[in-house]
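Please open the model in a viewer and keep the selection tool at hand.

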Amino acid sequence: MSKSFHTTKAVVTGSSSGIGRAIAIALAKAGVEQVLVHYRANESGAVETADALREVGCEPVLLAADLASPEGRRTLVASAFQSLGEVHTWVNNAGADVLTGSSAGMDFEEKLRHLLDVDVTGTILLSRNVADRLMNQFEQTSCSLPASMVFIGWDQALEGMEGDAGQMFGPVKAAVMAFANSLAQASGPRLRVNTIAPGWIRTSWGESTSDYWNDRARGQSLMGRWGSVDDIAKAVIYAADPANTFLTAQTILLNGGFNRRF
Ligand SMILES: NC(=O)c1ccc[n+]([C@@H]2O[C@H](COP(=O)([O-])OP(=O)(O)OC[C@H]3O[C@@H](n4cnc5c(N)ncnc54)[C@H](OP(=O)(O)O)[C@@H]3O)[C@@H](O)[C@H]2O)c1
């Protein structure tokens, strides 16, 4: 356990399932005192995350907010700073699911607009506001170390991938990654900003996918396997570790090494 997370507080957006839940639990195991578990609709999933945090001695704070709405973003920011006081780690993980559930039936344009609303506009407007507060916190309070913000991108966003998924997630996650880099340029040394860009990670879509995608996910990784949510959580812990004070403006592609022979 890293001592540097002790007495710190964190917010993980979209931590009612998948990668976000694993990040929240990893932060709790690393010693974070309080984690705000943010979600949109999956309340039982958020409660499950909260129970897992309590088991390792971390106090959860649950909050539902739709990041596509200005009201939702305002509520999240106000509640986070009210309930936690200072915030040391902010993870922008929430992202619209257009591959499973009811959204899977939408057409390309509807999916694209939904992703742009949630992942791009929602994330950018939310994190500009949060970043201002985290920088003020550094200047005005007893914080001796800069807070850290971590974004979640996608390893294939910049190189491109064939098909509808590539044409939706590519521009959406490339925008998130580009924004994070620009925010990092504006924030140092008062705030550290980094991005973890996952490859094929076995979450709900990966659990139920076809043999083709199973083979492709394994084959496109030099390590010959799907990534796990814990692989991503470990990288977020590294990026967010308050002791890593020289780490900012970086994008880590976490895909087991992209296999170009596949
Ligand atoms: N899985 C992969 O292979 C992979 C690869 C690259 C990048 N990513 C990115 O990693 C992040 C997590 O993905 P995941 O696979 O763990 O997905 P997930 O299990 O579907 O989790 C997504 C989270 O985002 C929340 N969310 C969705 N729409 C929202 C909205 N409008 N407002 C607020 N919160 C909202 C969900 O909340 P509710 O369910 O409570 O509504 C959920 O907590 C996403 O940004 C995704 O694009 C995933």
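Begin by selecting β2, helix α2 (residues 43-55) and β3: together they make a right-handed β-α-β unit. Right-handed here means that, with the strands pointing away from the viewer, the path from the first strand over the helix to the second runs clockwise. Helices (H or I, at least four residues) and strands (E, at least two) are DSSP runs, numbered from the N terminus.

This is a predicted model, in which local features need pLDDT of at least 70 and side-chain atom pairs count only at pLDDT 80 or more, while totals for chains, interfaces and linings use all residues. Residues are numbered from 1 along each chain as its sequence is written, and side-chain values use heavy atoms, with hydrogens and water left out.

Next, display β2 with strand β3 (residues 59-64): the two run parallel and are joined by 6 bridges. Strands pair if DSSP finds at least two bridges between them. Within this pair, select Y39, which stands opposite A64 in β3.

Now turn to the ligand. Which residues are closest to the ligand? Of the 28 residues that surround it, the closest are S16, S17, I19, N42 and N93; a residue counts as near if one of its heavy atoms lies within 4 Å.

- S16: an N or O atom of its side chain is 2.7 Å from an oxygen atom of the ligand.
- S17: here too a side-chain N or O atom is involved, 2.8 Å from a ligand oxygen.
- N93: a polar backbone atom lies 2.8 Å from an oxygen atom of the ligand.

Select next the lining of the largest pocket, which has 46 residues, with G95, A96, D97, F169 and T203 nearest the pocket centre. Elements giving two or more residues to this lining are α1 (18-29), β2 (34-39), α4 (108-140), α5 (163-187) and α6 (204-207). The volume of the largest pocket is about 1,400 Å³. A pocket is an open set of points on a 1 Å grid over the protein atoms alone, with protein on both sides within 12 Å along at least five of seven lines; a cavity is a set where a 1.4 Å probe fits but cannot get out, and lining residues have an atom within 4 Å of a point.

Finally, select N92, N93, A94, D119, T123, I152, K173 and V176, which line the largest cavity. About 40 Å³ of space lies inside this cavity. Both α4 and α5 supply at least two residues each to its lining.

How values were computed
Grid points are joined across faces, edges and corners, and a volume is the space filled by probe spheres set on the points. A polar contact is a pair of N or O atoms within 3.5 Å; within protein, one must be able to donate a hydrogen and the other to accept it, and residues adjacent in sequence count only if both atoms are side-chain atoms.
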